[in-house]
Amino acid sequence: MSNLLLASSLLNHTQQEIWRYAVILLGDNTVETHHMGFIMNQQILNITHQQIATIYNLKQEMPACPIYCGGPVMTDRCTIVHSNDYKNEDTRLFNPHCSLTFNDTLVEDIGRGQGPRQWKVMLGHCQWHDGQLDAEISRPGGWLEQPWHHIAWGGYRRKEKMWRRLVEITTQVDATLFLDSVWQPQR
């Protein structure tokens, strides 16, 4: 399975705003019998980094940052998705590109400039039961799989922008592979 899911054009026309233009980071392993992911491009505009510090009784205030809706499951639970260049006692590897941590040590290290290079604060996550995600991916108009790309760390204000950039990259790669397969230069 790839590390990113992109909403298909059919999902982009759904009534459920959360799935429109969604870019979802997938974990490598299942948690119990569930697949887990985080929506990387769905900012929450009515919760601030100061409120996160207060709600979760952090000893230090969160650095100024957007807060993201990681998904519709457990929206009262906060975590930080971050690059794998950082680790402390509570860090869990999520996939080859990202880890999960949420504690005072991480917040303090980020504030001192000693935390991970890339990070996003998430409320909630996405979750699929065993077999559900595979069914959604294989269904026409379901999710589109894509390999990891650093654009997922971007802080775009409009979620469509990240989605469009990832689709453009995929299209360029696919076009190049197709052209290379049908046209071989004479040597």
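**Entry 1. Aromatic pairs**

I counted two rings of Phe, Tyr or Trp (its six-membered ring) as a pair if their centres lie within 6.5 Å, calling planes under 30 degrees apart stacked, over 60 edge-to-face and the rest tilted. The model is predicted, and I took local features only at pLDDT of at least 70 and side-chain atom pairs only at pLDDT 80 or more, while totals for chains, interfaces and linings use all residues. Residues are numbered from 1 along each chain as its sequence is written, and side-chain values use heavy atoms, without hydrogens and water.

My search of the whole structure returned 5 aromatic pairs. One of them is W19 with W143, an edge-to-face pair with 5.7 Å between centres and 85° between planes. I then looked up where the two partners sit; helices (H or I, at least four residues) and strands (E, at least two) are DSSP runs, numbered from the N terminus. W19 lies in the loop between β1 (4–7) and β2 (23–26), and W143 in strand β10 (residues 143–146), so the pair links parts of the chain 124 residues apart. I use buried for under 20% relative accessible area, exposed for over 50% and partly exposed for anything in between (1.4 Å probe, protein chains only). Both W19 and W143 are buried.

**Entry 2. A charge over a ring**

K120 has its charged end over the ring of Y68, 4.5 Å from the centre.

**Entry 3. The second largest pocket**

I searched a 1 Å grid over the protein atoms alone: a pocket is an open set of points where a 1.4 Å probe fits, with protein on both sides within 12 Å along at least five of seven lines, and lining residues have an atom within 4 Å of a point. The second largest pocket has a volume of about 150 Å³, taken as the space filled by probe spheres set on the points, which are joined across faces, edges and corners. Its lining includes W19 and W143, along with L11, P72, C126 and R139 among others. Strand β9 (119–129) and helix α3 (132–138) are the elements that give two or more residues to this lining, and β9 has the largest share, 3 residues.

I sorted the lining into 7 nonpolar, 3 polar and 2 charged residues. Here Ala, Val, Leu, Ile, Met, Phe, Trp, Tyr, Cys and Pro are nonpolar, Asp, Glu, Lys and Arg are charged, and the others, Gly among them, are polar.

**Entry 4. Positive phi**

Most residues other than glycine have a negative phi. I noted Y21, with a positive phi of about 55°, in the loop between β1 and β2. Y21 is buried, at 19% relative accessible area. M74 has a positive phi of about 50° and belongs to strand β6 (residues 73–83). M74 is partly exposed, at 40%.

**Entry 5. R117**

R117 is in the loop between α2 (104–111) and β9 and is exposed, at 61% relative accessibility. I took contact as heavy atoms within 4.5 Å. Leaving out residues up to four places away in sequence, R117 touches S83 and D85. R117 and S83 are 34 residues apart in sequence, with 6.4 Å between their C-alpha atoms.

**Entry 6. The whole chain**

I found 4 helices and 10 strands, in the order β-β-β-β-α-β-β-β-β-α-β-α-β-α. Of the 187 residues, 46% are buried. Among contacts between residues at least 6 apart in sequence, 66% join residues at least 24 apart.

Definitions and conventions: Lys NZ or Arg CZ within 6 Å of the ring centre and 35° of its normal.
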